[in-house]
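Please examine the model shown here with its sequence.

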Amino acid sequence: MDDRGTSNHSEVTDFILVGFRVRPELHILLFLLFLLVYGMILLGNVGMMTIIMTDPRLNTPMYFFLGNLSFIDLFYSSVIAPKAMINFWSESKSISFAGCVIQLFLFALFIVAEGFLLAAMAYDRFIAICNPLLYSVQMSTRLCIQLVAGSYFCGCISSVLQTSMTFTLSFCASHTIDHFYCDDRPLQRISCSDLYLHKIVSFFLCSIIILPTIIVIIVSYMYIVSTVLKIRSSEGCKKAFSTCSSHLGVVSVLYGAIVFMYVIPDRFPELSKVAALCYTLVTPMLNPLIYSLRNKDVKEALRKILGKKTFLFNSILTVT
């Protein structure tokens, strides 16, 4: 069996991505839906990064983290969405072996980096609300860079381990992946290797990634809530909750979908695809909207940029 598995594994040149099991006529609708969502992801996240980089008032730790969050959302959604849209029109729905490896590696890298970045953002809010007088000292530029670099580093290490472990499996049963992108669990289903060690290592990776970040987020917000409840001013209390509610909403959607996808037993492939949509497309689309619509500084910066462009456009019309 091992020889056969190794032989078949070496002969794998591509995989078939099944995608969503719907009627063919619905593929056009799904393509348009993906196109709309991906367009909003590009517009929202590129716009958010542009606003943060061009407005000096947003040169703070919170917006430094937010700019990196937009970059991560833009990148890992771009790893998934274009190929998924192409496959709605493709009869073969194939992806090369190398393409599958790259897709899993990049997606794993950025989704793990986002988890650690969200924990860093929770810590930033904790310092800002619980120790405001020491905020500029404790959240120094050096520390912010270290937290972001550490997030990417953890994502890279985790991704190297996960990807190398996944693609050392033998795929002698089938080359058809019941998903819309290359992911660990769907690849496990088509492997004929013994998955016991693989699942143990995967569970260990999930534990050391999800548990510490969730603990940091929960503890940070326990202190934040405790501090906010002591604020006598209703305006101050409202401002503090408004600042944190956006972050909590993002964390809830992302972690809820990830826990369903990777922690709960894999018995419902179609529901897993819906959960995967939440963190591959829905969360990257909502993040810029949530953070911009609920943030006065971002809205003012956006008005300033749009005002300059309107003035420039009017000036050109006047000259011509």
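Is the crossing of helix 4 and helix 6 left-handed or right-handed? The crossing of these two helices is right-handed, where left-handed would mean that the near helix is turned anticlockwise from the far one by less than a right angle, and right-handed that it is turned clockwise. In the contact between helix 4 and helix 6, 19 residues are nonpolar, six are polar and none is charged. In this division, Ala, Val, Leu, Ile, Met, Phe, Trp, Tyr, Cys and Pro count as nonpolar, Asp, Glu, Lys and Arg as charged, and the others, Gly among them, as polar. The two axes come within 7 Å and cross at roughly 145°; axes are lines fitted to C-alpha atoms, for helices over the stretch in contact, and angles between N-to-C directions run from 0 to 180 degrees.

The model is predicted: local features need pLDDT of at least 70, side-chain atom pairs count only at pLDDT 80 or more, and totals for chains, interfaces and linings use all residues. Residues are numbered from 1 along each chain as its sequence is written, and side-chain values use heavy atoms, with hydrogens and water left out.

The protein has 11 helices and three strands, which are DSSP runs numbered from the N terminus (helices: H or I, at least four residues; strands: E, at least two). From the N terminus on, their order is α-β-α-α-β-α-α-α-β-α-α-α-α-α. Of the 320 residues, 44% count as buried, the term standing for under 20% relative accessible area, with exposed over 50% and partly exposed in between (1.4 Å probe, protein chains only).

The largest nonpolar core has 67 residues. Such a core is a set of buried Ala, Val, Leu, Ile, Met, Phe, Trp, Tyr and Cys residues joined through side-chain atoms within 4.5 Å. Helix 2 (26-54), helix 3 (61-89), helix 4, helix 6, helix 8 (196-229), helix 9 (234-262), helix 10 (269-293) and helix 11 (296-319) each supply at least two residues of this core. Its largest share, 16 residues, comes from helix 4. Among the residues with the most contacts inside the core are F65, I111, M121 and Y279.

Y279 also belongs to a cluster linked by ring pairs, together with F20, F34, Y76, F88, F107, F180 and Y181. The count of aromatic pairs comes to 20; rings of Phe, Tyr and Trp (its six-membered ring) pair if their centres lie within 6.5 Å, and planes under 30 degrees apart count as stacked, over 60 as edge-to-face and the rest as tilted. The pair of F15 and F171 is edge-to-face, because the ring planes stand at 90°, with the centres 5.4 Å apart. This pair links distant parts of the chain, 156 residues apart: F15 is in strand 1 (residues 14-17), and F171 is in the loop between helix 6 and strand 3. F15 is buried at a relative accessible area of 0%, and F171 is buried at 0% as well.

Which cysteines form a disulfide? C100 and C182 do, with their sulfur atoms 2.0 Å apart, inside the limit of 2.5 Å that defines such a pair of cysteine sulfur atoms. The link joins C100 in helix 4 (residues 97-130) to C182 in the loop between strand 3 (176-177) and helix 7 (184-189), 82 residues apart. It is left-handed, with -120° about the S-S bond, and both C100 and C182 are buried. The count comes to one disulfide. C206, at 22% relative accessibility, is partly exposed, and C278 is partly exposed at 27%.

Several single residues complete the picture. In helix 6, S159 is buried at 0% relative accessible area; its C-alpha atom lies 8.0 Å from that of L104, 55 residues apart in sequence. Q162, also placed in helix 6, is buried at 12% relative accessibility, and its C-alpha atom is separated by 8.2 Å from that of L205, 43 residues apart along the chain.

The loop between helix 3 and strand 2 holds K93, which is buried at 16%. Phi of K93 is near 55°, a positive value in a residue other than glycine. Most residues other than glycine have a negative phi. In strand 2 (residues 94-96), I95 is buried at 7%, and its C-alpha atom is 6.3 Å from that of I16, 79 residues apart along the chain.
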